[in-house]
Amino acid sequence: MTRIALCQIPVSTDPSVNLKRAGEALARAEGADLAIFPEATLTRYGRRITGLAEPLDGPFVSGLARAAREHGLAVIAGVFEPGDDRVHNTAVVIDAQGAVTAAYRKIHLFDSFGAKESDLVAPGAEPVVAEVAGVRVGLITCYDVRFPELARALVDRGAEMFAVIAAWGSGPLKEDHWVTLVRARALENTMWTAAVGQAPNPGESSDGYGVGRSMLVDPLGVVRADLGTGPGVQVVEVDQEFTRTARATLPSLQHRVMAG
């Protein structure tokens, strides 16, 4: 069993506020092996991200690393890294000793529903599977979840679980899309999927980012936990023995036929 804390926090424009909230969430994640935070935990989206982006040895990630070490659990969280002319939207992985062990730069940028993430963010190029808390975790960021080929590439790289982090935009049908897509990625890959989104932040609500609905979905697509819309931390269990049972019943990965 791997115990995972789904850390659904509201995100401020101020990184120091977000670091404090992350520390408070880790204090509530007693007994977890891994805590997962949303996309853009460093700061909310907006043009400010180009000025607030930090390298992975900067104060925000260093603060998360200290908190991870203090509480003795690994962390996955979304940050912004400086780039050449745009920033990178990065999922950083920190182990329980406070070392940065992996980073994934979001590949699919949210140029949809009237947004243009690519104005500010440069895309990554490589899928990433990180060994963390004894599990090989495939990293997926927000809009990425709409692209099943990325999830399948992570399976081919040996992922045993997906971590989906998001600052999901609100709007007609958007929450339904989130739930459907997260469940689909879990079911089609018979894969435990821990999906963590920003909680709505009433003080920052005008940008529309953050619908909550952090979930743990099992390899047969069943939602084992759903945090709803409010802030919260919930510790859940991922059982790889259930993955083996599910894949014996539904061996769809073995039945893959490459079209063409």
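Modeller: Helices (H or I, at least four residues) and strands (E, at least two) here are DSSP runs, numbered from the N terminus. The model is predicted, with pLDDT of at least 70 needed for local features and 80 or more for side-chain atom pairs, while totals for chains, interfaces and linings use all residues. Residues are numbered from 1 along each chain as its sequence is written, and side-chain values use heavy atoms, without hydrogens and water.

Colleague: Where does Phe113 sit?

Modeller: Phe113 lies in the loop that links β5 (100–105) to β6 (129–132). Its phi is positive, about 50°, although Phe113 is not a glycine.

Colleague: Is Phe113 buried or exposed?

Modeller: Exposed (over 50% relative accessible area; buried is under 20%, 1.4 Å probe, protein chains only). The value for Phe113 is 54%.

Colleague: And what about the phi of Leu173?

Modeller: Phi of Leu173 is also positive, near 70°. Leu173 belongs to the loop between β8 and α5 (174–188), and is exposed at 60% relative accessible area.

Colleague: What does Ile76 touch?

Modeller: Leaving out residues up to four places away in sequence, the contacts of Ile76 (heavy atoms within 4.5 Å) include Leu34, Ile36, Phe37, Val92, Leu139 and Ile165.
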